[in-house]
Protein chains: 2
Amino acid sequence: MTDQGPIAPKALLFDVQGTATDFHSVVCAEAERISAGRHPGVDWVGFVDRWRGEYFSALRAATVDRDNWTTVHSVYRDALERLLPEFGVTDLTEAEREDLALAWQRLVPWPDTVPGLTRLKTRYTLATLSNADVAAVVRISRRGGMPWDAIFTAEMAGAFKPDPIVYRMAATYLGLAPSEIMMVASHKYDIRAAAALGFRTAFVARPLEFGAYGTVDVAYEDEFDINACDFLDLADQLGC
Amino acid sequence: MTDQGPIAPKALLFDVQGTATDFHSVVCAEAERISAGRHPGVDWVGFVDRWRGEYFSALRAATVDRDNWTTVHSVYRDALERLLPEFGVTDLTEAEREDLALAWQRLVPWPDTVPGLTRLKTRYTLATLSNADVAAVVRISRRGGMPWDAIFTAEMAGAFKPDPIVYRMAATYLGLAPSEIMMVASHKYDIRAAAALGFRTAFVARPLEFGAYGTVDVAYEDEFDINACDFLDLADQLGC
């Protein structure tokens, strides 16, 4: 915890795609399932890396507001249409391409996620703060049995993280000051944006975010209030 | 179910104050606790009825949007300041008056609510659609153990029910058509507003909403897709 002393937060906000759930192995497996052996030579791992990269580029470039919203599903879908031909995949049907884009709504919790959240929930209010669509987070959470007290997403704010609007919305909705809330993520840009607004921060290392051979920044940093190796470690450090 | 046949909804939206939770006995008991025998003659039942009436008047009169939001807590608090002197209660401290207004964030589920929701959750996505503040619904739900998949409230829409904006927001966030969603409430104005937009409807009778001697419209109506005596009856009728 920080130099300000061991003042516990009242609520925890969690990133979903990558932090609470594993997208890489799910989306790779879905690509192989849906292409059903028609493209045995395709580098689906590289494909998913590129797809996720296109998603980040689109979110950075997005000029949106609450009345002019771009769904993340449409972002993934548009990027898929561009990427498939690049990887030589030209024979997926419309239904198969839609099914593949919806793989991002079938992400699975990391093995520590549900037991960790269950312990944390005994003491703290738990909510998502995700850039994914509300519908996607609701579906992922129902499928995975993640016991959130509330679902907050960028769509509700009309802006994507790391826009301050998104974090401030969560504080308003929880009726808490930023200092009473801890942002939990495996992505440093996300928790640094929250920290700049006075939120507490927990970094959770997810070395497998891009698969066994992916490159991920998992270095602990003194700037964060907590550095944890998973949600069970986070629960330990938060006294649950 | 309706003449359109037994097409099941995919998601259920629930009113909270009165439908999923009992406010009357909670707020009456809290008024007695906080006034601690200093006002044995006060008609707290009548007081709570008037307080709830003032809340409805304030919501009808509110001209709000997402950037100019009136919290429901402030509505209850302002009405309390007006009503206490009318009932001859002039000696509650500032802290006691705040504590009393926060009684609306300590509502308890009706006895059938949690077991009914638990059965319904096996098949349907469950969310609130409440005029109460997000923070209030989160607190009430955590205290009561209500297993919502999502919390949606008027505050997120920038308008109060029965404004169509509120119901449409929930459909957008769920990624569903109105016909795939059922609005559940004990207040007919609420489900009629949803029905006008194409939502399915379930009326749940709550004869004790205003206490044992209160006047409540609990008559079943053919216009609703379902009429139920409680959430267990609703689960039966929805095949859970």
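Colleague: Over how many bridges do strands S7(B) and S8(B) pair in the parallel sense?

Modeller: This is a predicted model, in which local features need pLDDT of at least 70, side-chain atom pairs count only at pLDDT 80 or more, and totals for chains, interfaces and linings use all residues. Residues are numbered from 1 along each chain as its sequence is written, while chains are lettered from A and ligands numbered from 1 in the order in which they are written. Helices (H or I, at least four residues) and strands (E, at least two) are DSSP runs numbered from the N terminus, and two strands pair if DSSP finds at least two bridges between them. For strand S7 (residues 200-204) of chain B and S8(B), which pair in the parallel sense, the count is 3 bridges.

Colleague: Which strands of chain B stand at the edges of the open sheet?

Modeller: The sheet of chain B holds 6 strands, paired in parallel in the order S5-S4-S1-S6-S7-S8. Its twist averages 25° from one strand to the next. Each edge strand has a single partner, so one side of each is left without a neighbour in the sheet; these are S5 (150-153) and S8 (226-228) of chain B.

Colleague: At about what angle does helix H6 of chain B run to S5(B)?

Modeller: Angles run from 0 to 180 degrees between N-to-C directions, with axes fitted to C-alpha atoms, for helices over the stretch in contact. Helix H6 (residues 134-144) lies across strand S4 (125-130) and S5 of chain B, and its angle to S5(B) is about 145°.

Colleague: Which element gives the largest share of the side of chain A that touches chain B?

Modeller: With contact meaning C-beta atoms, placed from the backbone, within 7 Å, 14 residues of chain A meet 14 residues of chain B. Helix H6 (134-144), strand S5 (150-153) and helix H8 (164-174) of chain A are the elements giving two or more residues to the side of chain A. The largest share, 5 residues, comes from H6(A).

Colleague: How far apart do the C-alpha centres of domain 1 and domain 2 of chain A lie?

Modeller: An automatic or database domain assignment supplies the bounds, dividing chain A into domain 1 (11-22 + 109-237) and domain 2 (24-105). The separation of their C-alpha centres is 23 Å.

Conventions. Contact = placed C-beta atoms within 7 Å.
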